[in-house]
Amino acid sequence: MNRFSNRLDTKRVKALLLCCSFISFIGLSTTRAQDADSAYLSKVKSELRAVWPSNRTVTLVFHGHSVPAGYWNNHEVHTLESYPHLVLEKLKAKYPFTPVNIIVT
């Protein structure tokens, strides 16, 4: 019985070590992802924060045809409800001093 108990304890220890290493790996991955998120588009964000006369027009290009243009299934075109226009509205609310140009291709 003691021998069986020893094996069981060894298995528990191995499982515990495996769990701890997995949790630490997840923590490192999360930190790297957060660093990547903060660096993502950092140059564009700094351009958006600039105020005249230091700013310039930021142009965003949305590729696609029907969805970015606002085509719906009933042949109506809802340009002001399409996601490029909604992105423009959100950007202008957050960065009011930057000229933003939206192009749909």
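**Confidence and overall fold**

Guide: This is a predicted model, and the protein chain has a mean pLDDT of 75, with 64% of its residues at 70 or more.

Visitor: How many helices and strands does the chain contain, and in what order do the elements run?

Guide: The secondary structure consists of four helices and two strands. Read from the N terminus, the order is α-α-β-α-α-β.

Visitor: What share of the contacts joins residues at least 24 apart in sequence?

Guide: The reference set is contacts between residues at least 6 apart in sequence, and 54% of these join residues at least 24 apart.

**Burial and the core**

Visitor: What percentage of the residues is buried?

Guide: Burial is read from relative accessible area, with under 20% as the cut-off. Of the 105 residues in the protein chain, 13% are buried. The accessible surface of the chain is about 8800 Å², and carbon and sulfur atoms account for 63% of that surface.

Visitor: Which residues form the largest nonpolar core?

Guide: That core has five residues, namely L48, V58, L91, Y95 and V100.

Visitor: Is H78 buried or exposed?

Guide: H78 counts as buried because its relative accessible area is 18%, and the cut-off is under 20%. H78 lies in the loop between α3 (66–69) and α4 (83–94). With residues up to four places away in sequence set aside, H78 touches A69, G70 and W72.

**A loop residue and its contacts**

Visitor: Where does P99 lie, and what does P99 touch?

Guide: P99 is in the loop between α4 and β2, the latter spanning 100–104. Not counting residues up to four places away in sequence, P99 touches N55, R56, T57, V58 and K92. Because its relative accessibility is 35%, P99 counts as partly exposed.

Visitor: How far apart are P99 and V51 in sequence and in space?

Guide: The two are 48 residues apart in sequence, while their C-alpha atoms are 9.9 Å apart.

**Charge pairing**

Visitor: How many salt bridges does the structure hold, and which side chains meet?

Guide: Side chains of opposite charge can pair when their charged atoms come close. The structure holds one salt bridge. It joins the side chains of E47 and R56, with a distance of 3.1 Å from N to O.

Visitor: What is the relative accessibility of E47, and what is that of R56?

Guide: E47 counts as partly exposed because its relative accessibility is 24%. R56 has a relative accessible area of 54%, so R56 is exposed; the cut-off for that class is over 50%.

**Nonpolar surface**

Visitor: Which residues form a nonpolar patch on the surface, and which element gives the most to the patch?

Guide: The patch is formed by V67, Y83, L86 and V87, which together have about 320 Å² of accessible area. Helix α4 gives the most, with three residues. Y83 lies in helix α4, and Y83 counts as partly exposed because its relative accessibility is 36%.

Conventions:
Residues are numbered from 1 along each chain as its sequence is written. This is a predicted model: local features need pLDDT of at least 70, side-chain atom pairs count only at pLDDT 80 or more; totals for chains, interfaces and linings use all residues. Side-chain values use heavy atoms; hydrogens and water are left out. Buried means under 20% relative accessible area, exposed over 50%, partly exposed in between (1.4 Å probe, protein chains only). Contact means heavy atoms within 4.5 Å. Accessible areas come from the Shrake-Rupley method with a 1.4 Å probe; for residues, only the protein chains shown count as cover. A nonpolar core is a set of buried Ala, Val, Leu, Ile, Met, Phe, Trp, Tyr and Cys residues joined through side-chain atoms within 4.5 Å. A salt bridge is a side-chain nitrogen of Lys or Arg within 4 Å of a carboxyl oxygen of Asp or Glu. Patches are made of residues with over 30% relative accessible area and no salt bridge: like charges are joined within 9 Å, nonpolar side chains (Val, Leu, Ile, Met, Phe, Trp, Tyr) within 5 Å. pLDDT is the predictor's confidence in each residue, from 0 to 100.
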